[in-house]
Amino acid sequence: MWTQTETSAAPLVVFRIGFGLMMLLGIVRFWVYGWIEKLYIWPQFFFSYRYFDWVKPLGDWTYLLFAVVGVAAACITVGYRYRLATAVFFLGFTYIELMDKTTYLNHYYFVSLMALLLFWIPIPAGIAAARGCRVNSVYINALRLFVAVVYFYAGVAKLNSDWLLDAQPLATWLPARAHLPLLGAWMQERWVHYAFAWGGALYDLVIPFLLLAPRTRHLGFVLVVVFHFLTWVLFPIGMFPWIMIVSALIFLEPATHAKILDRIAALLRAGRDTVATACAPVSPARRVAVAVVLAFHLLFPWRYLLHPGEVFWTENGYRFSWRVMLMEKAGMATFRVEDAATGDRVVVNNREFLTAFQEKQMATQPDFLLEFGHFLADHYRSRGMADPRVYVDSYVALNGRLSTRYVDPELDLTEISPDAPPCTWLLPFEDTIYGF
Amino acid sequence: MLRLLPIALLLLLGCQSETEPDEATTTFDRATLLRHWADDLIVPAFEDFSAAAAAQSAAATDYATEPTEASLGRLQEQFEEAYLAWQRVSPYMTGPGESVRLREQVNTYPTDTQRLTARQEIVYELPANTDVQGMPALDFLLFGVEDPALHRARIAEIAGRISTLSGQALSGWQDGYRDDYVASAGSSATASVDRTVNDFLYWYERNLRAGKVGIPAGVFSSEPRPELAEAIYHGALSKRLFLEALAAGRAFYRSEPGLADYLDALRVERDGQLLSERIDAGFVSADAIATDLNADFATQVRLVNTPMLRLYDALQANVILLKVDLLQALSINVDYVDADGD
């Protein structure tokens, strides 16, 4: 894979156009749906990632931030100032994702990390330039590896007893889709849940190899399209299916990409000149950077192994690890603030500070509960409470289990450091989930 | 191979249409559920309340023209009937009830008695004036003042307004909303099932659990607050109102097809027991505790508060089962934000 063979740059150019276009559409869609306002302007409190609590929405300037990221995506699409555009896109998009972890989605992480990778990959500008333009095949293989790892890790994460033996959470989600035309009639069938669970796991594990092997890559690509089309019909997952379909194009052979570029060029009536020189700088530093990003991509998802406790319960290492559509967790949390000095107490209405969406996300994630608890202590201290102690009565139901207490209601959250691993202060998970 | 892609997608869609649902399997039809809710529960509840509010208004007008012991007695009787009918419609504020702001204008308590009895005109539409109107204001004017006759014009005015509002909400349902409601049978956050159940849970948590029991019992404050109970001036009505509301909630939950039914159709079991039975048992135990309480909850809080706290705990246990377990099992969204997931 790391050999110095040169190959057509067409796959990279197609990838650049596809990625840029998807990102541009994603930003426009987000804007048009009014989500900038709903998610980043209206809320008065935002949940921060540890060490990134300085990243906050910018008030009305948040629109400008989205506009800048949208323009950068447009520049990536057409290849104008590609490197600068990718840097701006990576920084802007990542900033947006860090503003409130309520909105965390695996595919946003995919986009951020992919943008970082693309920054180090030389991709020629324009469409015509790609014809005859040669690049080191390392870069194409790096993109392939990146996408393959996402699928494979998502497959490995499905190898657990809830997914395989109980078909959870699909057995919870699919019956609600019974009203869908055509597919709906099957959605309450138990065997369908198992077929989807096992099929999904097998798909994720096998698809990278089907895509990588020259003989099966077309079959693999067809499966990618069919699979993501299905998930798009069944689940509210926004742009994700389209991003993955476009990403999977990278596995096709350069001749196909050349054809795609011809079509685009014809559509745009662009010039058909070819450039015969090597058109991308060859730099060892870039390859080192690519290797570093890929190493991070490969290793970071395994950090949950460093923490004791069930990762579905503690969520320590759950995010940023390609655990996609993997659990159904619901909860509710009622906070109580007591003044140790006077004995006064208040039961908090979460909605006074949080949106419905934030409240829902908080109820099942320990780091959210703790952060909100600390915020409440500060809030009531500033309101004149001498010695606020914060307690939470919380219940969580995971993958079809009965709801159970999540945090000891007599535990004072102000005594817990934000760095304390959740397994040290959560109530234990009274069951075992086998596997990854 | 790539050229086969459109064909593969067509096949995928095509082969679905040929399969009919197996008769033995349980399918649950959200459209049927919505028709039942609208036609058999919600609209009849609005009709009942609207009729009771109209009867109350008529009795109030009679009393205003001829303030006698007899006409006051008839009005007080109609007041009780209307207040009980209100409890049966209060869970259903989805749609017209919400747009008319029915619940806040009909049953915001405690009443601001000073502003209510100040001799000035009340602009009832103002959000700031929800606590000088509705059933709680009538409770005060009919049972909490020296001589109701002195306030008979205002009583008639308030009773008239309740009747008007309930009529507006009812005609909202009858003139168009019912059809939109039934047609929105999907599973998005704004679809009718999700909205109805969210509004129902909001009512259960805020109005039934907190408003009628938790707040007067002092669950949310440092001290018990009996003066915040419902119908405090009547003095012997709040338990009946609570039991009526609880029964209405249970009836909605158990009605077929309904939520309990939906859970059973999906065979939702938790720890070897049907979740539907667990929740129903919660309604039953709350009812049993409440039945033994004083007819007036404020009095109960002043005498012995512990049973009120036990009632609160029983209601709270079902909040968890309803909000966490039931919503999860039925894949009902908890918020109205149709955001992406992954």
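Guide: Let us begin with a single side chain. B:Arg240 has a relative accessible area of 39% and is partly exposed; buried means under 20%, exposed over 50% and partly exposed in between, with a 1.4 Å probe and protein chains only. The model is predicted: local features need pLDDT of at least 70, side-chain atom pairs count only at pLDDT 80 or more, and totals for chains, interfaces and linings use all residues. Residues are numbered from 1 along each chain as its sequence is written, chains are lettered from A and ligands numbered from 1 in the order in which they are written, and side-chain values use heavy atoms, leaving out hydrogens and water.

Visitor: With which side chain does B:Arg240 meet in a salt bridge?

Guide: A salt bridge is a side-chain nitrogen of Lys or Arg within 4 Å of a carboxyl oxygen of Asp or Glu. The partner of B:Arg240 is B:Glu80, at 3.4 Å from N to O. This pair links distant parts of the chain, 160 residues apart: B:Arg240 belongs to helix H10 (residues 238-254) of chain B and B:Glu80 to helix H3 (residues 69-89) of chain B. Helices (H or I, at least four residues) and strands (E, at least two) are DSSP runs numbered from the N terminus. Elsewhere in the chain, B:Glu227 and B:Arg225 form a salt bridge at 2.7 Å, N to O. B:Glu227 is partly exposed at 35% relative accessibility, and B:Arg225 is partly exposed at 33%.

Visitor: Are A:Arg401 and A:Asp162 buried or exposed?

Guide: Both are buried, and they form a salt bridge whose closest N and O atoms are 2.8 Å apart. A:Arg401 lies in the loop between strand E5 (388-398) and strand E6 (404-407) of chain A, whereas A:Asp162 lies in helix H7 (residues 161-165) of chain A, so the pair ties together parts 239 residues apart in sequence. A network of salt bridges also links A:Lys101, A:Arg319, A:Asp367 and A:Glu371. Over all chains, the count is 33 salt bridges.

Visitor: At what angle do helices H1 and H11 of chain A pack?

Guide: Axes are lines fitted to C-alpha atoms, for helices over the stretch in contact, and angles run from 0 to 180 degrees between N-to-C directions. Helix H1 (residues 10-32) of chain A packs on helix H11 (residues 240-248) of chain A at about 170°, the axes being 9 Å apart. H1(A) is therefore roughly antiparallel to H11(A), since angles over 145 degrees count as such, under 35 as roughly parallel, 65 to 115 as roughly perpendicular and the rest as oblique. In this contact (heavy atoms within 4.5 Å), A:Phe15, A:Gly18, A:Phe19, A:Met22 and A:Met23 of H1(A) meet A:Trp242, A:Ile243, A:Val246 and A:Ser247 of H11(A).

Visitor: What is the phi of A:Glu315?

Guide: Phi of this residue is near 60°, a positive value in a residue other than glycine. A:Glu315 is buried, with a relative accessible area of 11%. B:Asp271, also not a glycine, has a positive phi of about 50°, but B:Asp271 is exposed at 66% relative accessibility.
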